[in-house]
Each structure stands twice: as structure tokens, then as C-alpha cells.
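Thanks for coming. I have one structure to go through today, so please look at the screen.

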Amino acid sequence: MTIQCAPPYGGAYLHLSAGGNNMDYNYLGKTNLKVSKVCFGSLTIGPLQANLSLKQGSKIIRHALERGVNFIDTAEIYDTYPYIREALKGYSKEVIIATKSYAYEASVMKESLEKARRELDRDVIDIFLLHEQESILTIKGHWQAVEYLLKAKAQGLVRAIGLSTHTVAGVKGALEIPEMEIIHPLINYQGLGILDGTRDEMLSLLKQGKSMGKGIYGMKPIGGGNLLAEAEKALTWALQRPELDAVAVGMQSISEVNINLALAEGREPDPEDLEIVKNKVRYLLIEDYCEGCGACVAKCPQKALQIIEARAKVEKEKCLLCGYCAGVCPYFAIKVI
Ligand code: SF4
Ligand code: SF4
């Protein structure tokens, strides 16, 4: 049966084949972690993006959990542990949480793991990733941190380890290292944001990773907002990729959760939800009081920022609205809204 979905954010209509009303769950590679195809990407609710109140943000996560999502993606830099902890209060079903750290050294990774355990109120962290690895060289540069995670895994404090990456070379590096069980790559149907190659080069390596038993969950299926005009097409493309066990989708409202879950389950989204989110536009705001210090420029993985006339300027075509720049601005002068 074919259903027609009105576009949530404007743009072309999409025809989907109805595939039942239930969320799909997959094992992440050879791990025993069984996750929902839709992973709640928590970056979008936190201080780097919507900066929702604890109550608002946790309510949105809880709403997703109660509708079948059992997988949440976070990172130390996102500062969203408090939202997740609040959302899980009194929730009895199993929820798999993946987090990430930039740590290079064992001692710093230890601090990252302890912070995650403490702030998420969990004895065991399901998935711990090296954040934003670029190649086999950067992975090797973080080897002390990897060794610490392997030790923590042997002690039962972590269930699986891996890396996140915006590059084809990062995925290639993960394939060369047996200890990297989970890969969290940037992938969307236009290949937007992949720093060193094409969508098909990325997919080819992910297919290889899948056949090797790596657990793979994608990020930025809507290109960090740049594919909002064709959001259903982009999300459906990602959700239907056989290379991906799950897809992390950033959500900032109950309506966005409802629409994304409807698309994942082959249902027609509620027209009221579509109406609520259709005019939503997200962008990077750089305040007039930017001091031009350049900290955001150095942080941007997409090389989308530069200092022009003593102020940060963004190249919109390159920006994925990840908000990583916001986390390093000493003046809170840059944010995704
Ligand atoms: S980090 Fe903040 S103050 Fe520094 S250049 Fe970027 S936006 Fe401006
Ligand atoms: S400019 Fe900021 S929001 Fe845009 S890609 Fe770079 S770090 Fe991410």
C-alpha cells in the first residue's frame, strides 16, 4: 500500500510503502545491543542548540522512549546528560545510551567515563565512542584513551566501544582496528558534510563494515538541517539503508518525534504535527558582540567559519548546524537556533 505524506518542512511530497506500525530493532553488529532503528540524537535539545529547559527536553526524550525508541545518542560536549537522566527517571524498559569524548589520554578518558556514569546515573555505559575521528592516524593518536576504554570494558563499565566520524578515512580506520566495534558515521542521501569523499564511497565502506560485523548507526540524515526542505526523503533514505543498524535523528519537539517515528514505521504523520513544524528554519546565529577570537573557527569540523573584519562569518553551504562551535565560544556569541 502506498501512502502520501505531506512535507513537514515544506518541499516535495513523498510516497512511502506502509510497512506496519512497529519500530524496527536491530543488533548493533556483533554486539548484544539491540537498538531501535531510530536513535534519539540529543544534541538538538541541549545548550549547543535549542537549549530547552530540563523539563522540556526530558519530556521530549521520554515521549520518544514511550513510543518505541530505546537508543539515545549523546556526547560529553553536548551537555545533555541531565536531560537523559531526567527522562529515564521511573522508566523501566531497557535504554541503550551511546556517548563520546575527545579524550586522548587514559586519565582524561577515565574522567569522561566517570562523568558519564555519574551524570547519567548509570553504573555501565552501553557505548563509548572516540568523538570525531578523522583517520587511522587520529585513532592511533587516541590509543591511550582506547586502551583505557578496553580496560573499562573488561571491568564491565562499558559494553562496546567505537568511534564517530565525518570522514571516509575515519570509517576506513575503524575497519582496520578490530577493537572498534561501533562506527557512527556521517551519512545522508546527498553526502553533505562528508569531509573527504562521496556518499557512495562512504556507503561502500559501511557495507564492508557491516559484513565484518561492525555495529553502524548513522548521523546527520538531514544534513544538519540543510536538507530540511526534503526532510522526509532524506530521513526515509537513511532509515532504509541496509548498511545502517540505526540512524540518530536530532529532534527538538514532540511533533518532530511524532513525525520521525511515523516515517520510520511507514505511517502517515499527523497533519497537526506537520503544521507545527513546517515553517521551522534553523540557522547559525553569530552575535554582534563576537570578539573575533577564532576559537570557533578552530573547532569547526566542516571548515565553515572564518574571521573576516574581526568577526566570525559562516559559509552556510558548509555548515551542518552541529553547534560544536557554540561550545567553545568564551562569549556565548555563536549558537544554532
Ligand atoms: S569563538 Fe565566539 S567570540 Fe570567538 S570568533 Fe567565534 S563567535 Fe566570535
Ligand atoms: S559553523 Fe558551527 S554549527 Fe556550523 S558546522 Fe561548523 S561547528 Fe558546526
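Start at Asn226, which sits in the loop that joins strand S11 (215-218) to helix H8 (231-239). Keep in mind that this is a predicted model.

Is Asn226 buried or exposed? It counts as buried, because 20 other C-beta atoms lie within 10 Å, and the cut-off for buried is 20 or more.

Which residues does Asn226 touch, leaving aside those up to four places away in sequence? They are Leu192 and Leu320.

Now the chain as a whole. The protein chain is split into domain 1, covering 24-263, and domain 2, covering 284-336. Taken over C-alpha atoms, the centres of domain 1 and domain 2 are 24 Å apart. In the contact there are 12 residues from domain 1 and 10 residues from domain 2. What is the make-up of the side of domain 1 that touches domain 2? It has 7 polar, 3 nonpolar and 2 charged residues.

Last, the ligand. How many residues surround ligand 1? There are 13, and the closest are Cys290, Cys293, Cys296, Cys329 and Ile334. By type, the shell around ligand 1 has 10 nonpolar residues, 2 polar and 1 charged.

To recap, we began in a loop at Asn226, went on to the two domains of the chain, and ended with the residues around ligand 1. That is what I had.

Definitions and conventions:
Residues are numbered from 1 along each chain as its sequence is written. Chains are lettered from A and ligands numbered from 1 in the order in which they are written. This is a predicted model: local features need pLDDT of at least 70, side-chain atom pairs count only at pLDDT 80 or more; totals for chains, interfaces and linings use all residues. A residue is near a molecule or strand if its C-beta atom, placed from the backbone, lies within 6 Å of it. Ala, Val, Leu, Ile, Met, Phe, Trp, Tyr, Cys and Pro count as nonpolar, Asp, Glu, Lys and Arg as charged, and the others, Gly among them, as polar. Helices (H or I, at least four residues) and strands (E, at least two) are DSSP runs, numbered from the N terminus. A residue is buried if 20 or more other C-beta atoms lie within 10 Å of its own, exposed if 12 or fewer, and partly exposed in between; C-beta atoms are placed from the backbone. Two residues are in contact if their C-beta atoms, placed from the backbone, lie within 7 Å. Domain bounds come from an automatic or database domain assignment.
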